[in-house]
Amino acid sequence: MPLGAYLTLAALVFAIGLFGVLTRRNAVGILLGIELMLNAVNINLVAFGRFHADLGGAIFTMFTIAITVAEVAVGLAIVIVIFRVRRTVDADHLDLLRG
Amino acid sequence: MTAEALAFAGVAVVLLASSLGVVLTPNLFHAVLYLAVALVATGVVFLLLDAPFLFGVQLLLYAGGVVAIVVFAIMLTERLVGQSIRQASRYLVNGALVSLAVFVGVVGFLVHLPTGATRPAWPGDLTTMVGRALVGPFALPFELLAVLLVIALIGALYLARSER
């Protein structure tokens, strides 16, 4: 398959993830959308690295995967704390910082 | 159709269907299960791109680690509130419009791309090369990554600890 096929697939997954981030009300649901978007970017990195015979794509993908795991751990910890304090994880009700 | 094109088409269908499942199912727990399918499908895409090492990393860290953490978080919040984990979506039309605009914008760039139909051959085994690069030119970022992981996990523990 040509490079364009992989990039189009990644763009589709990215758009679907963005749709999830925009439409989900639950904070965990928003995190899942972000996961999809990061995943799409990983496909792009690996595809570019493969079609240019560049090792950087694979290395960078490993780094983004590891950083994503850290992001998910911290994000879910924050969600649990918010849930403990506010008794909800509905993003529409999380307006503590509103002036 | 070649075998590779067939495999790509199959994986693409699974990946897109499970991605739609992640963002559309009302049950949050089902959404996480769809996410696991999508992550494994992405790993298979890595396999098609001659990166078996990344397939392993994807399975271990993403489909294993991330999904387990998210399931734990959902179980915790569900048990605390004692109600169903159904969730509603909002702004469906606006969200679809924005996502479609982003997709069209990206594809608008892609059509100008020179079609890379041929894959240059790797000079050797990718896993070996990644291993050598991680202890060679990328040694410092690699160690910093380890430090970042420790910091993030300790921070997550601190945030989510029980107050006494």
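A: Helices are DSSP runs of H or I with at least four residues, strands are runs of E with at least two, and both are numbered from the N terminus. This is a predicted model: local features need pLDDT of at least 70, side-chain atom pairs count only at pLDDT 80 or more, totals for chains, interfaces and linings use all residues, and side-chain values use heavy atoms, without hydrogens or water. Residues are numbered from 1 along each chain as its sequence is written, while chains are lettered from A and ligands numbered from 1 in the order in which they are written.

Start with chain B. Chain B has six helices and zero strands. Its elements run α-α-α-α-α-α from the N terminus on. Of its 164 residues, 33% are buried (under 20% relative accessible area, with a 1.4 Å probe and protein chains only).

Now the cavity. A cavity is a set of points on a 1 Å grid over the protein atoms alone, where a 1.4 Å probe fits but cannot get out. Grid points are joined across faces, edges and corners, and the volume is the space filled by probe spheres set on the points. The structure holds one cavity of 30 Å³ or more.

Lining residues have an atom within 4 Å of a point. From chain A come A:Val46, A:Gly49, A:Arg50, A:Asp54 and A:Ala58. From chain B come B:Leu49, B:Ala51, B:Trp122 and B:Leu126. Six of the lining residues are nonpolar, one is polar and two are charged. Ala, Val, Leu, Ile, Met, Phe, Trp, Tyr, Cys and Pro count as nonpolar; Asp, Glu, Lys and Arg as charged; the others, Gly among them, as polar.

Helix 2 of chain A (residues 27–51) gives the most to this lining, with three residues. A:Asn42 lies in that helix too. A:Asn42 is buried, with a relative accessible area of 1%. It touches A:Thr61, A:Thr64 and A:Ile65 in chain A, and B:Phe46 and B:Tyr62 in chain B (heavy atoms within 4.5 Å), not counting residues up to four places away in sequence.

How confident is the model? pLDDT is the predictor's confidence in each residue, from 0 to 100. Chain A averages 87, and 99% of its residues score at least 70. Chain B averages 84, and 89% of its residues score at least 70. The model scores ipTM 0.89 and pTM 0.88.

Technical notes. Buried means under 20% relative accessible area, exposed over 50%, partly exposed in between (1.4 Å probe, protein chains only). On a 1 Å grid over the protein atoms alone, a cavity is a set of points where a 1.4 Å probe fits but cannot get out, and a pocket is an open set with protein on both sides within 12 Å along at least five of seven lines; lining residues have an atom within 4 Å of a point.
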